[in-house]
Amino acid sequence: MIGRRIRQRQSRILISYIASLVGFIIIPVLLLTGIFLTNGLRQMESAYAVSQEYTLRQAIQNMDDDMKSFRQVAIQIATDPDVTPYVLNVNNYDTILAIRKLAIYHAQVSFFDEMYLHINGDSNLYSGTGVISVENFKNGGYRPQGDENREDFDRYITEGRPFALSVNGNGGYLVKKYDAKEYIAITYPWVTSGVHPLGSVIGLVESNYFTGMLDISDKQYHENIYLFDSGGQLQFALENGPAFSAETLKLLTDNYEDPGIHTGKINGISCFIIMGKAPTTGWKYIAVIPRPQFFLKYVRSENKVAAIITVLLVLCILFGIVLAFRMYRPIRKLWNILEPVSPEKQNILEGIGPERTRRGEWENLHTSVTRIAEMNRNIARELEENKEMYTQSILKALLLGAVSAEHAQNTLIVQGVKFCEAYYLVSVLYCMSPTRTNPSETAKTLIEEQAIPGLYVLILPENNGCLTLLWNTSLEVPPPGRKNYRVIYCHYR
């Protein structure tokens, strides 16, 4: 219906009304909706980031507490008088007591699958279960993955750096032979006296220990978590989102050193970057959460709100259309009145071509009203120019009895000839002069210059050389004085 009316009427006004009103209503609604959704989305993002930052701090604290207990045990073993002689093979020592002590220390760090003592230059490893050679350890107990890692592992246990992990070039993953599980070796220096370590304490922990601690992300969100050692070397990566290259991770560790929540772009993607650092081990933890995923999650979680907003927008559109038709109704009525004289019906303005008459309703209305106004101005100008002649014709008709007094009165009022009272005096003045060719015109001019109220002077062609004077006044106004008549008499005697 609307489309048919628009096509039939070429109603650009109606189209502009609909567009402007719908836009005027919808734009504020969309702005408010956008502000509401944006605030809700930001709150959702912030809440999740804060929650993940707290969870990561808890995981860091738990792991750091375990590593702190490992450090304390390593210090206790180095100063235990029952363990040191046994390991160094000096003086008299009780083998059973020493092994029992090592088992007790191992129990204090229960997250280790096994714990060993290694002395530099010694081919054996000592634990709470007894003595095992390094070769048997690597061949039959725990062994590095890949033959190329065997020498790296020897260097690794010899150096015995604090909280060094046997992954990513530090010795490779260790796999327990009989269950094929992956184990990570963690070292700490074994120092009995002085500052130079005699060896290292080696703890073997299942790799699931790290993945379990670091797997803090909500499964419905994409999130990557990385563990770097104190030297900035990547040790573990749990990637539930897009993977990052080594160069990108290097930029992460260089640019984000302060613990807390940061925002930035990684590979062109806006992300939350949560940074944490363990005080005991010096390990760095970084969680990367891409932000675009929150929008879809928020829309899906707020489907009722989205439905309400959709219904509201539809109602606003309908309201705008109805309001546009109501506002268009007066113009439609005006169009119906002016349509017979529109440029589509007849060319009422000069110079209007077909290209203008096809431009629509607004242009036609403008053209029609403009032409009517011009016609009125022309009529008013013509009336003003013919006012005197028209007035004389009415007065002549009145004198000759051709029109009624009421019609003459109404017509003359329109022409500016006002009747003060219903008393009239009509006289004819004969103007004769041998020296003037048109004495009546001169006499008319002289009489009008007197500005006598209620006196109108006419020249009737039927009475050549005469002036017809129409006097209209009340009884209170005296007739013309002698002075007036003397002026006329003296001029034409």
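Okay, quick definition to start: a helix axis here is a line fitted to the C-alpha atoms over the stretch in contact, and angles between axes run from 0 to 180 degrees. Keep that in mind, and remember that what we're looking at is a predicted model.

So, find helix α5, residues 134-141, and helix α6, residues 150-159. Their axes come within 12 Å and cross at roughly 130°. The crossing is right-handed, by the way.

Who's touching whom? On the α5 side we have Val134, Glu135, Phe137, Lys138 and Asn139, and α6 brings Arg150, Phe153, Asp154 and Ile157. Sort those by type and you get four nonpolar, one polar and four charged.

Now the inside. In soluble globular proteins, nonpolar side chains tend to be buried together. Here the largest nonpolar core has 55 residues, and Ile77, Leu117, Phe210, Trp283 and Tyr285 touch the most other members. Helix α2 supplies the largest share, 14 residues. There's also a second, separate core of 14 residues, with Leu125, Phe137, Leu174 and Tyr183 among them.

Click on Trp283 next. Skipping neighbours within four places in sequence, its contacts include Met63, Met67, Phe163, Phe210 and Asp229.

Last stop: Ser46, back in α2, which spans residues 12-79. Ser46 counts as partly exposed because its relative accessibility is 38%. Ile261 sits 215 residues away in sequence, yet the two C-alphas are 9.6 Å apart in space.

Note on methods. Residues are numbered from 1 along each chain as its sequence is written. This is a predicted model: local features need pLDDT of at least 70, side-chain atom pairs count only at pLDDT 80 or more; totals for chains, interfaces and linings use all residues. Side-chain values use heavy atoms; hydrogens and water are left out. Helices (H or I, at least four residues) and strands (E, at least two) are DSSP runs, numbered from the N terminus. Buried means under 20% relative accessible area, exposed over 50%, partly exposed in between (1.4 Å probe, protein chains only). A nonpolar core is a set of buried Ala, Val, Leu, Ile, Met, Phe, Trp, Tyr and Cys residues joined through side-chain atoms within 4.5 Å. Contact means heavy atoms within 4.5 Å. A crossing is left-handed if the near helix is turned anticlockwise from the far one by less than a right angle, and right-handed if clockwise. Ala, Val, Leu, Ile, Met, Phe, Trp, Tyr, Cys and Pro count as nonpolar, Asp, Glu, Lys and Arg as charged, and the others, Gly among them, as polar.
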